[in-house]
Amino acid sequence: MKIVACGDWHLDWMTAGVERFDEVAAAVNQAINYAAQHADLFVFLGDLCDPESPRAWRACAFALERATALSIPSVWIPGNHDVVDDGHGTTTLSPLAAIEDDRIQVAEAPVVLTFGEVQVLCFPYVSRANLYDPEDVVRKMPATGGPVVMLSHLCLESAGQGSESAEMARGREMFLPAKALVERDLNVAVVLNGHYHQRQEVVEHGLKVQCAGSLAKLTRGERHNAPAFLVVEV
Ligand SMILES: [Mn+2]
């Protein structure tokens with residue numbers, strides 16, 4: 001199964017007063033067009049936009065239009081920027097979650113999805129209304145022996161920090177349950193993480209984690225980043 005992954009679109013973002021929507025949307029289209037032609041699954045790793053932004057509607061409408069036009073299945077998880085602290089667990093992906101389309105899966109809570117023999121374990125960032133214990137999810141996950149793909153927008157202990165932890169910081173810290181995953185005998189094929197805007201590969205308690213990075217250089221601190229979507233084969 002070939003997977004195209006990307007995240008941290010931040011379609012509402014302004015850099016020094018300049019709206020970045022057109023540029024990031026073009027990068028998203030490149031990723032989605034590539035996925036439609038070459039991949040079996042498209043995954044979004046979180047951080048569509050800040051819900052309180054006046055530009056959130058345009059970002060949500062864009063995600064909705066892109067997801068429904070995509071001919072292959074897609075999985076979407078909310079990031080720390082996407083959650084609304086309204087007590088209902090609402091996120092900027094809620095409009096997408098409301099669409100009745102079997103190809104579109106939105107994980108606003110931890111969930112295990114099945115694609116053939118591949119299990120896709122989703123660890124979204126959640127608001128206080130939907131708090132969960134990531135370690136508990138790992139402990140209770142059924143082991144089928146098939147390959148496991150993990151999608152996360154949680155924090156990593158060993159990741160190099162950038163703007164997501166400084167001028168773009170939002171929400172609490174929730175950590176990837178790497179130790180619990182390694183302790184269980186799951187056939188983890190790949191771990192894909194959002195949140196960190198710089199493309200990087202880190203090892204957490206022996207678990208290799210690939211951070212896709214953002215699709216554009218959003219702050220001055222990101223000027224040395226090399227934004228790109230990620231392609232993995234499971
Ligand atoms: Mn982000």
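This is a predicted model: local features need pLDDT of at least 70, side-chain atom pairs count only at pLDDT 80 or more; totals for chains, interfaces and linings use all residues.
Let me begin with a term that we will need throughout: two strands pair if DSSP finds at least two bridges between them, and the strands themselves (E, at least two residues), like the helices (H or I, at least four residues), are DSSP runs numbered from the N terminus. Residues are numbered from 1 along each chain as its sequence is written.

I will start with the chain as a whole. Its secondary structure comes to five helices and 13 strands, and the C-alpha trace spans about 50 × 35 × 35 Å along its principal axes. The radius of gyration, taken over C-alpha atoms, is compared with a globule rule of 2.2 Å times the number of residues to the power 0.38; for 234 residues a compact globule would have a value near 17 Å, and the chain, with 16 Å, agrees with that.

Five strands form an open sheet in the order 6-5-4-1-13, with mixed pairing. Strand 6 (104-106) and strand 13 (230-233) each have a single partner strand, so that one side of each is left without a neighbour in the sheet. Within this sheet, strand 4 (residues 41-44) and strand 5 (residues 74-76) run parallel and are joined by three bridges, and F44 stands opposite W76 in strand 5.

The other sheet is also open, and its six strands follow the order 7-8-9-10-12-11, again with mixed pairing. Here strand 7 (111-115) and strand 11 (200-204) stand at the edges, and because each has a single partner strand, one side of each is left without a neighbour in the sheet. Strand 9 (residues 148-152) pairs with strand 10 (residues 188-193) in the parallel sense over five bridges, and L151 stands opposite L192 in strand 10. Which residue of strand 12 is the bridge partner of L192? That partner is Q210, and strand 10 and strand 12 (residues 207-211) pair in the parallel sense over two bridges. Strand 11 and strand 12, by contrast, pair in the antiparallel sense over five bridges, with L207 in strand 12 as the bridge partner of E204.

Let me turn to the interior, where a residue is called buried if 20 or more other C-beta atoms lie within 10 Å of its own, exposed if 12 or fewer, and partly exposed in between, with C-beta atoms placed from the backbone. By this count, buried residues make up 44% of the 234 residues in the chain. A nonpolar core is a set of buried Ala, Val, Leu, Ile, Met, Phe, Trp, Tyr and Cys residues joined through C-beta atoms within 7 Å, and in the largest one, with 63 residues, A5, V43, L45 and L151 touch the most other members. Leaving aside residues up to four places away in sequence, V43 touches I3, A5, S74, V75, L151 and L192, where a contact means C-beta atoms, placed from the backbone, within 7 Å.

Is C211 buried or exposed? C211 counts as buried, because there are 26 C-beta neighbours inside 10 Å. Beyond residues up to four places away in sequence, C211 touches A159, N193, Y196, R199 and Q200.

Definitions and conventions:
Two residues are in contact if their C-beta atoms, placed from the backbone, lie within 7 Å.
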